[in-house]
Amino acid sequence: MPSFSSIISSGAIHLAVGLLMAGIVIWFEASHRRRRKRRALEDLSWLFPISQEKPEMDFTCSLKPGDRFKPSNSDQALFTEFFGQNPSTYRRYVHSAEVLALQMITEKLSPLGVKFSQGGFYGGGGPNRNLLLIGSESNNQMSTTTLEFLKKRIDRVEPPGGGHKYFQCGGNSFHCDHEVGADGLARVTRDFGVIVRRTLADGSIVLLLAGIHMHGTLAAAQVALNPAFQQRVLAHKYPSFAQLVSVNVLNDGCSIDVSSLDTWKDLPFVNLD
């Protein structure tokens with residue numbers, strides 16, 4: 001019959017072996033997670049402006065001018081009393097669709113260790129700084145520059161007689177659609193957007209997600225986060241490219257029909273180098 005001390009010794013050995021094996025399993029699982037995260041970052045770096053060495057990017061939005069919403073002369077005194085003369089928070093604003101797009105992207109990329117910086121929000125990034133640009137207002141210089149670069153393969157046309165801009169590629173035109181309701185107001189029923197990635201001479205990357213209206217901007221963000229689209233990007237590995245996207249708009253005039261987003265598969269995907 002084994003002695004009490006030998007039983008204790010044997011139990012201690014079994015416990016030590018069990019703890020060692022558990023530690024090895026935990027180490028392998030953690031190592032596997034790190035490899036998967038590195039691989040995911042490597043794959044996503046062909047689309048999003050991130051790098052494995054420093055997974056960080058500045059972001060900015062279209063910063064639309066707020067002048068069109070200034071109060072009438074009769075209300076100016078009351079406005080000034082509450083907000084002061086020309087308050088800094090009043091000069092420009094970010095559209096709700098751009099905020100939603102940024103929220104979706106941060107929710108997907110933050111778990112991979114990607115850090116988002118507001119340092120370039122008003123300055124539009126800088127040398128050797130990767131930039132995520134959401135929206136396409138003409139008063140944002142980086143947006144204007146990126147859309148000019150897009151013209152190598154896709155034109156963003158402004159009708160000479162006025163009206164909404166539209167995209168043109170390969171002899172085809174891509175216009176947003178509208179319908180007039182019983183109230184006499186027009187609403188968007190279909191919109192187009194574009195995903196533009198540009199690799200600059202200093203190695204930094206700009207990714208623009210923009211639409212003719214806010215719906216196209218949301219659609220561009222949704223498609224950029226689509227694993228099937230990411231596989232298309234990974235299969236080609238273009239340093240600079242553009243993808244047109246299309247989306248139907250729901251009857252409320254604001255929400256997009258996500259089931260219509262798959263049309264990107266049939267729209268132009270072009271190499272911009």
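Me: OK, and which strands pair with β5?

Reply: β5 pairs with β1 in the parallel sense over four bridges, and β5 also pairs with β11, again in the parallel sense and over four bridges. To find these pairings on your screen, you can look for Thr 60, whose bridge partner in β5 is Leu 133, and for Leu 132, whose bridge partner in β11 is Leu 207.

Me: Which residues touch the most other members of the largest nonpolar core?

Reply: That core has 36 residues, and the ones that touch the most other members are Leu 47, Phe 48, Ile 105, Leu 132, Ile 195, Leu 209 and Phe 229. Among the elements that give two or more residues to this core are β1, β5, β11 and the helix α1 (4-44), while the largest share, six residues, comes from α5.

Me: What does Leu 209 touch, if I skip residues up to four places away in sequence?

Reply: Leu 209 touches a list of residues that includes Ile 105, Leu 132, Ile 134, Val 194, Ile 195, Thr 217 and Ala 220. There is also a second, separate core of 20 residues, which includes Ile 154, Phe 167, Val 196 and Ile 212.

Me: Changing topic: is Gln 243 buried or exposed?

Reply: Gln 243, which lies in strand β12 (residues 241-249), counts as buried because its relative accessibility is 0%.

Me: And what is around Gln 243?

Reply: The side chains of Gln 243 and Arg 232 are joined by a polar contact of 2.7 Å. Leaving aside neighbours within four places in sequence, Gln 243 is also in contact with residues including Ile 195, Phe 229, Trp 264, Leu 267 and Pro 268.

Me: Last thing, where should I be careful with the model?

Reply: The mean pLDDT of the chain is 78, and 71% of its residues reach 70 or more, but pLDDT stays under 50 over residues 67-72 and over residues 87-91. The model does have eight contacts beyond four places in sequence for residues 67-72, and 10 for residues 87-91. Where pLDDT is low, the predicted coordinates should not be read in detail.

Notes
Residues numbered from 1 in each chain as written. Predicted model: local features only at pLDDT ≥ 70, side-chain atom pairs only at ≥ 80, totals over all residues. Heavy atoms only, no water. Buried < 20%, exposed > 50% of the residue type's maximum accessible area, 1.4 Å probe, protein only. Polar contact = N/O pair within 3.5 Å; in protein donor to acceptor, adjacent residues only side chain to side chain. Contact = heavy atoms within 4.5 Å. Core = buried A, V, L, I, M, F, W, Y, C linked by side-chain atoms within 4.5 Å. Pairing = 2+ DSSP bridges. pLDDT = per-residue confidence, 0-100.
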